[in-house]
Amino acid sequence: MKKKMTSVKFAGTPEQEKKLDAIIEKYGKGEGAVMRILQDAQEVYGYLPIEVQQAISIKTGVPLAEIYGVATFYSQFSLNPKGKVSISVCLGTACYVKGAGKVIEKISEILGIQPGETSSDGKFSLDATRCLGACGLAPVITVNEDVYGKLKPEDVKDILEKY
């Protein structure tokens, strides 16, 4: 699934930039360090906006296209800030076979966002994930730390109203 970048305005701080500089100093400037730099940068910023990717490119000399390629290839990275309420829908085999596709469609319909996006008010973010390790409860979603299983699309509205 292709990751979309959001139009949320980036607002990094000087403290975050100092931390990013320290991360780059720690891992070095070679292409082999990009993955570790991105992981730690996401810890600092909460996500990897294009501005952070550009800074990493400039400071390491690694082309932005390569950094963006890594950030969009691995599901652990997010190009968008997470909402206060983070929803993950398992689309692993067991969940998908039991109707997770219809569940995620219902969530998208109610919230007006697609997987990989955050609502314009910053309240909700929606992600499609692979196995959450709860196959016996398929289909499964997590809302922040709460797990909901054996879902049907008609269950979604009541769950979201709690948040």
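# Report on a predicted model

In this predicted model, Asn 144 is located in the loop that lies between β4 and β5. Its phi angle is near 55°, a positive value in a residue other than glycine.

## The chain as a whole

The chain contains 7 helices and 5 strands. Read from the N terminus, these elements follow the order α-α-α-α-β-α-α-β-β-β-β-α. The C-alpha atoms occupy a box of roughly 50 × 30 × 25 Å along the principal axes. The chain has 163 residues, and 40% of them count as buried.

As for charge, 21 side chains are positive and 20 are negative. The centres of these two sets are separated by 3 Å.

## The sheet

Strands of a sheet pair through backbone hydrogen bonds, in either a parallel or an antiparallel sense. In this chain, 5 strands form an open sheet in the order β2-β3-β1-β4-β5, and the pairing is mixed. Which strands stand at the edges of the sheet? They are β2 (117–118) and β5 (146–148); each has a single partner strand, so one side of each remains without a neighbour in the sheet.

Helix α6, which covers residues 100–111, packs on the sheet and touches β1 (85–90), β3 and β4 (141–143). The direction of α6 makes an angle of about 155° with that of β1.

Strand β3 (residues 124–129) pairs with β2 in the antiparallel sense over 2 bridges. Within this pair, Glu 117 has Leu 126 of β3 as its bridge partner. The strands β2 and β3 also form a hairpin with 5 residues between them, in which Gly 122 adopts a positive phi near 75°. With β1, by contrast, β3 pairs in the parallel sense, over 6 bridges. Here Ser 86 is placed opposite Ser 125 of β3.

Asp 127 also belongs to strand β3. Is this residue buried or exposed? Asp 127 counts as buried, because its relative accessibility is 17% and the limit for burial is under 20%. Beyond its neighbours within four places in sequence, Asp 127 makes contact with Lys 82, Ile 87, Ser 88, Val 89 and Gly 116.

## Residues in the loops

Several loop positions complete the description. Val 62 is situated in the loop between α3 (50–60) and α4 (64–73). Its relative accessible area is 3%, so Val 62 is buried. Which residues does Val 62 touch, if those up to four places away in sequence are not counted? They are Lys 29, Gly 30, Glu 31, Val 34, Ser 57 and Ile 67. One of these, Glu 31, is 31 residues from Val 62 in sequence, yet their C-alpha atoms are 6.2 Å apart in space.

Gly 112 lies in the loop between α6 and β2. With a relative accessible area of 59%, Gly 112 is exposed. The C-alpha atom of Gly 112 is separated by 10.0 Å from that of Phe 124, a residue 12 positions away along the chain.

The loop between β3 and β4 contains Pro 139. What form does the peptide bond from Ala 138 to Pro 139 take? This bond is cis, with omega near -10°.

Lys 150 is placed in the loop between β5 and α7 (156–161). Its phi is near 55°, which is a positive value in a residue other than glycine. At 54% relative accessibility, Lys 150 counts as exposed.

## Accessibility in summary

The table collects the accessibility of residues discussed above.

| Residue | Class | Relative accessible area |
|---|---|---|
| Val 62 | buried | 3% |
| Gly 112 | exposed | 59% |
| Asp 127 | buried | 17% |
| Lys 150 | exposed | 54% |

Technical notes: Residues are numbered from 1 along each chain as its sequence is written. This is a predicted model: local features need pLDDT of at least 70, side-chain atom pairs count only at pLDDT 80 or more; totals for chains, interfaces and linings use all residues. Side-chain values use heavy atoms; hydrogens and water are left out. Helices (H or I, at least four residues) and strands (E, at least two) are DSSP runs, numbered from the N terminus. Buried means under 20% relative accessible area, exposed over 50%, partly exposed in between (1.4 Å probe, protein chains only). Lys and Arg count as positive and Asp and Glu as negative; His and the chain ends are not counted. The place of a charge is taken as NZ of Lys, CZ of Arg, CG of Asp or CD of Glu. Two strands pair if DSSP finds at least two bridges between them. Contact means heavy atoms within 4.5 Å. Axes are lines fitted to C-alpha atoms, for helices over the stretch in contact, and angles run from 0 to 180 degrees between N-to-C directions.
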